[in-house]
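Me: I am new to this structure, and I would like to go through the terms slowly. Please set each value against its definition before you conclude anything.

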Amino acid sequence: MSRTNAIFILILLLLTGKFSSLRAQELMDLFGEEEPVTEYTYATFKTTRVVSGHSVENPANGVLLFMISHRFGKLNSGAYDLFGLDQATIRLGFEYGINEWLSAGFGRSSYQKTYDGFLKAKVLRQSSGKKSMPLSLTYFTSMDLFSLKWQDKERKNYFTSRMTFVHQILLARKFNDNLSLQFTPTFIHKNLVAGTNDDNDTFAMGLGGRIKLTRRTSLNAEYFYLMPGSTADNFVNPLSLGFDIETGGHVFQLHFTNAQPMFERGLITETRGKWTNGDIYFGFNISRVFTLKKPAEFRE
């Protein structure tokens with residue numbers, strides 16, 4: 001019996017003077033126990049990126065996401081390059097929700113003329129109620145390939161030498177409507193490196209967060225710490241600060257960062273800019289979603 005019907009019957013009994021004939025237990029049985037349900041957490045982050053790195057979010061089932069990403073040159077490059085405007089790089093990417101827990105993506109970046117593709121699978125979803133889960137866990141794997149003309153005449157140009165593979169575990173928790181945090185343990189393997197002392201394998205730990213400012217805006221931050229090794233000796237840990245604006249089907253992400261690449265290998269293992277030297281890049285992401293498959297609840 002629904003709660004509305006039970007309340008109606010209770011009022012009817014009071015009006016007819018028969019309430020006293022019911023025992024307390026009968027009254028409790030009248031209302032009945034509601035079946036507990038699982039409440040899943042949504043919108044841990046506004047889109048599939050914290051800033052440049054991936055968040056735990058996937059496009060919904062049957063939804064195509066188109067993302068345009070820009071990173072201009074260093075702000076300290078001076079007026080001759082219009083403070084970085086003349087050194088812009090761009091990445092165009094598509095992501096598609098294959099089902100409720102799996103998505104796939106593809107992109108092309110002008111940085112080193114790089115192509116990248118990835119899969120992203122939700123393993124655990126933060127929830128409360130019947131099934132309680134304190135955090136969300138997503139597995140991310142990608143491959144990228146740079147297509148610059150081969151420069152090293154001393155080495156043979158193998159196709160596989162241009163490839164890099166990335167594996168990440170995205171662990172996130174939405175503490176409340178205003179605060180979300182994410183840890184991102186990362187492993188990156190490069191098939192070919194510049195020198196014999198350089199690392200083919202690199203481990204890093206990422207930390208990202210989102211603070212909601214208003215209903216449609218938030219402040220985001222992202223940092224990757226390179227574990228000790230030659231990569232950490234020769235490159236800089238990327239740090240990015242962003243501002244998200246949601247407007248219906250669009251999400252605008254504006255940010256400042258010391259990393260110009262917009263794919264994992266370049267972002268995490270090849271950042272050279274230092275905030276302390278003024279090596280700051282301004283950039284933005286614009287994402288637009290298209291529903292290609294009607295959600296089940298709206299199908300005829």
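Me: To begin, in which strand is the place of Tyr115?

Reply: Tyr115 has its place in strand E5, where helices (H or I, at least four residues) and strands (E, at least two) are DSSP runs numbered from the N terminus. This is a predicted model, in which local features need pLDDT of at least 70 and side-chain atom pairs count only at pLDDT 80 or more, while totals for chains, interfaces and linings use all residues. Residues are numbered from 1 along each chain as its sequence is written, and side-chain values use heavy atoms, with hydrogens and water left out.

Me: What makes Tyr115 partly exposed?

Reply: Buried means under 20% relative accessible area, exposed means over 50%, and partly exposed lies in between (1.4 Å probe, protein chains only). Tyr115 has a relative accessible area of 36%, so Tyr115 is partly exposed.

Me: Which residues is Tyr115 in contact with, leaving aside its neighbours within four places in sequence?

Reply: With contact meaning heavy atoms within 4.5 Å, Tyr115 is in contact with Phe106, Gly107, Arg108, Met143, Asp144, Leu145 and Ser147, once neighbours within four places in sequence are left aside. The C-alpha atoms of Tyr115 and Phe146 are separated by 6.3 Å, although these residues are 31 apart along the chain.

Me: How do you know that Arg108 lies over the face of Tyr115?

Reply: A charge sits over a ring if NZ of Lys or CZ of Arg is within 6 Å of the ring centre and within 35 degrees of the ring normal. Arg108 is at 5.4 Å from the ring centre of Tyr115 and lies over its face. Arg288 likewise lies over the face of Phe290, at 5.4 Å from the ring centre.

Me: How do you know that strand E4 and E5 pair, and in which sense?

Reply: Two strands pair if DSSP finds at least two bridges between them. Strand E4 (residues 102-109) and E5 have eight bridges and pair in the antiparallel sense, with Leu102 standing opposite Ala121 in E5. The hairpin of E4 and E5 has four residues between the strands, and there Gln112 takes a positive phi near 60°. On the same criterion E5 and E7 pair, also in the antiparallel sense, over ten bridges, and here Phe118 stands opposite Ser142 in E7.

Me: How many aromatic pairs does the count come to?

Reply: Rings of Phe, Tyr and Trp (its six-membered ring) pair if their centres lie within 6.5 Å, and planes under 30 degrees apart count as stacked, over 60 as edge-to-face and the rest as tilted. By this rule the count comes to eight aromatic pairs. One of them joins Phe118 and Phe140, at 5.5 Å centre to centre with 35° between the planes, and is tilted. Phe118 lies in strand E5 (residues 114-124) and Phe140 in strand E7 (residues 136-146), so this pair ties together parts that are 22 residues apart in sequence.

Me: What makes the aromatic pair of Phe256 and Phe282 tilted?

Reply: The centres of Phe256 and Phe282 are 5.2 Å apart and their planes make 50°, and the pair is tilted. Phe256 lies in strand E13 (residues 250-257) and Phe282 in strand E14 (residues 281-291), so the pair ties together parts 26 residues apart in sequence. Phe256 is at 38% relative accessibility and so counts as partly exposed, while Phe282, with a relative accessible area of 27%, is partly exposed. Phe256 and Phe282 also belong to one aromatic cluster with Phe72 and Phe284.

Me: Which residues touch the most other members of the largest nonpolar core?

Reply: A nonpolar core is a set of buried Ala, Val, Leu, Ile, Met, Phe, Trp, Tyr and Cys residues joined through side-chain atoms within 4.5 Å. The largest such core has 16 residues, of which Phe45, Val56, Phe140, Leu267 and Ile268 touch the most other members. Strand E8 (163-176), strand E11 (217-226) and helix H4 (264-269) each supply at least two residues of this core, and its largest share, three residues, comes from E8.
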